[in-house]
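Hello,

Here is the structure I said I would pass on. Please open it first, then read the notes below it.

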Amino acid sequence: MQIRISWPAGSITASLDASTPTVQALAKALPLASTASTWGEEVYFDTGVSVSRETDARQVVEPGTVAFWTEGNALALPYGPTPISHDGECRLASPCNILGGLDGDAGLLATVRAGDPIRLELVED
């Protein structure tokens, strides 16, 4: 499954694993609009979707991972270090469900500003 994430300065697509319960719940909520927040080199935003933490949730991920922060009902998109990272890693606030990965350069997320409107939609084949 592919989604598009758009904000005033750009957009990027992401490929998600449609077999996970979190992706299935998120897909039902699309399209959705939210407001961006930033935390170091991570963009996150509320989705209005509430799910449980999955057994393979991780806190340290690769840049460009699409993660779901269950405590905040938010999509978390790390592209570099956060305030709690060690040695340049992408460390999320807590273990997050892993949904997939961004297609292309995750560094594009550096153009997202806190307070920017964010739109998330399904990319039709």
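R4 is partly exposed, because its relative accessibility is 30%. Keep in mind that this is a predicted model.

The cut-off matters here, because buried means under 20%.

E121 has a further partner. It forms a salt bridge with R119, where the closest N and O atoms are 3.4 Å apart. R119 has a relative accessible area of 37%, so it is partly exposed. Together, R4, R119 and E121 are linked in a network of salt bridges.

How many salt bridges does the count come to? Four, by the rule used here. One of them joins R53 and E71, with the closest N and O atoms 2.7 Å apart. R53 lies in the loop between β5 (42–46) and β6 (58–61), and E71 in the loop between β7 and β8, so the pair ties together parts that are 18 residues apart in sequence. Both residues are partly exposed: R53 has 42% relative accessibility, and E71 has a relative accessible area of 48%.

Now the helix. Which residues of α1 (residues 21–29) are buried? They are T22, V23 and L26. These residues lie on the same side of α1, because they cover an arc of only 95° around the axis. The general rule is that an α-helix has 3.6 residues a turn, so residues three or four places apart point the same way. P21 and K28, on the other side of α1, are exposed.

What covers the buried residues of α1? The cover includes strands from several parts of the chain, among them β2 (10–16), β3 (32–35) and β7 (65–69). It also includes β8 (74–78), β9 (90–103) and β10 (117–122).

T22 is worth a look in the viewer. This residue of α1 counts as buried because its relative accessibility is 1%. Leaving aside residues up to four places away in sequence, T22 touches V51, S52, E54, F68, N97 and L99.

Best wishes

Notes:
Residues are numbered from 1 along each chain as its sequence is written. This is a predicted model: local features need pLDDT of at least 70, side-chain atom pairs count only at pLDDT 80 or more; totals for chains, interfaces and linings use all residues. Side-chain values use heavy atoms; hydrogens and water are left out. Buried means under 20% relative accessible area, exposed over 50%, partly exposed in between (1.4 Å probe, protein chains only). Helices (H or I, at least four residues) and strands (E, at least two) are DSSP runs, numbered from the N terminus. The arc is that of the directions from the helix axis to the C-beta atoms. Contact means heavy atoms within 4.5 Å. A salt bridge is a side-chain nitrogen of Lys or Arg within 4 Å of a carboxyl oxygen of Asp or Glu.
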